[in-house]
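Below is a short briefing on selected residues of one protein chain.

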Amino acid sequence: MTLKLGLIFSTTGSYAALGQSALAGALSAIDALKEAGILEITPVLRDPGGDFSRYERAAAELLDDGVQHLLGAITSWSRKDMIPVLERKGGLLWYPCPYEGFECNDHVVYLGTSPNHHVLPAIDWVVAEGIRRAYLVGSNYVWGWETLRLARERLQAAGIEVVGERYVPLGSTDHAHVVQEICASEVDCVINSLIGPSSTTFMRDLKDCAPERKVRPGHIVSFNQTEADLDELGPAADGLLSVGNFFEEEADPALRRAALAHAPNGRVSAFLANAYASVEMLAAGAIRAGSDDPRAVFSAVAAAPVQTVIGAIQVDPVMRHAAFAPRIALAEAGQFRIIERAPEALAADPYLAKQSARCAVRRSDLRIVK
């Protein structure tokens, strides 16, 4: 059986680093499966260039050409634009990126982290560290809005003062007013939901404005910062706290080879690792089902955990989200060092229906990793 897979990643445009890293993972997994004689997958690439109006068209073209499975989208904006096309044409999107939750669709498999995997662990860490004043900044679209809304509610429930909350147009580097406001307010912690060059330049400018901040671990917190653009951040990343389901220090030789072969910066990020694992899950589902029919493939994937390059992944057959063990990591000298890891995978809770209303004051669900 030969399976076609549409890869829709913006490898150019405002968040190209993320798209390049994810595409590297997908192409590497396709190569590995072919070399091992497991399954031959024909990749069909599309680069929307970070232009949201092009995702819907790209998805429609691929589905009309007989491609039933798509992998990609990066941003929630682009994913949401693709969903109506998937619904009309019966395709299935494998989405490997962290997102803000509050969605469940029969044509999507959510293989990135949900808010209970990234927002809640990060804010609980902030609370446990005794931080009292926080400032929130994010990209002006659904990811920024929702992640910061959840962060604000959880911070305020714990009695932490939210000094300010600002949004920057997606891809914009015009944020001097935000940096000046943060430096003037003397906050303990900045919650950063910016993406791409907006985040990179913001963190550099913040370091230049207040270089003494970098000596405090967790002075800036991210729900999606990875090795995809850690090199570009340079010393501005020192002290950054990030949360995700995977960091480079856990990468096995296969992922390190994949990064060296396909990733422009040679680094293993969660975007690369999750995209690699997504291709492995699609292949496993197709082999189990004996078909590339989207419904049959998803049913086969959700029936039992699939062993992937980042470990066994279980997808909920109803909510269609993957379970992950959150990792909390600190950036230092160009590397993320994992400081805490959940002892087991947590079922995704995209609607936060199973979470307590108030923020815990101690991190009882995580353990120190040395």
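Asparagine 265 sits in the loop that joins helix H9 (253-262) to helix H10 (270-289); helices (H or I, at least four residues) and strands (E, at least two) are DSSP runs, numbered from the N terminus. The model is a predicted one, in which local features need pLDDT of at least 70 and side-chain atom pairs count only at pLDDT 80 or more, while totals for chains, interfaces and linings use all residues. Residues are numbered from 1 along each chain as its sequence is written, and side-chain values use heavy atoms, with hydrogens and water left out.

**Asparagine 265**

- The relative accessibility of asparagine 265 is 27%, so this residue counts as partly exposed (buried means under 20% relative accessible area, exposed over 50%, partly exposed in between, with a 1.4 Å probe and protein chains only).
- Once neighbours within four places in sequence are set aside, asparagine 265 is in contact with Glu227, Ala228 and Asp231 (contact means heavy atoms within 4.5 Å).
- A polar atom of the asparagine 265 side chain lies 3.1 Å from the backbone oxygen of alanine 228. A polar contact is a pair of N or O atoms within 3.5 Å; within protein, one must be able to donate a hydrogen and the other to accept it, and residues adjacent in sequence count only if both atoms are side-chain atoms.
- Serine 193 is 72 residues away from asparagine 265 along the chain, and their C-alpha atoms are separated by 23 Å.

**Serine 10**

- Serine 10 belongs to the loop between strand E1 (2-8) and helix H1 (16-35).
- With a relative accessible area of 0%, serine 10 is buried.
- Two backbone nitrogens are reached by the serine 10 side chain: that of glycine 50 at 2.7 Å and that of glycine 49 at 3.4 Å.
- Apart from neighbours within four places in sequence, the residues in contact with serine 10 include Tyr15, Gln20, Asp47, Pro48 and Tyr55, as well as Gly49 and Gly50.

**Cysteines**

- A disulfide is a covalent bond between the sulfur atoms of two cysteines.
- Under the rule used here (a pair of cysteine sulfur atoms within 2.5 Å), the count is 1 disulfide.
- The disulfide is formed by cysteine 183 and cysteine 209, with their sulfur atoms 2.0 Å apart.
- Because cysteine 183 lies in helix H6 and cysteine 209 in helix H7 (residues 197-209), the pair ties together parts that are 26 residues apart in sequence.
- Cysteine 183 is partly exposed, at a relative accessible area of 25%, and cysteine 209 is also partly exposed, at 37%.
- Cysteine 97 takes part in no disulfide; the nearest cysteine sulfur belongs to cysteine 104 and is 17 Å away.
- Cysteine 97 counts as buried at 1% relative accessibility, and cysteine 189 counts as buried at 0%.

**Positive phi angles**

- Glutamate 186 has a phi near 55 degrees, which is a positive value in a residue other than glycine.
- The loop that holds glutamate 186 runs between helix H6 (176-185) and strand E8 (189-193), and glutamate 186 is exposed there, with a relative accessible area of 66%.
- Arginine 320, another residue other than glycine, also has a positive phi, near 70 degrees.
- Strand E12 (311-313) and strand E13 (327-332) are on either side of the loop in which arginine 320 is found.
- Arginine 320 is buried, with a relative accessible area of 7%.
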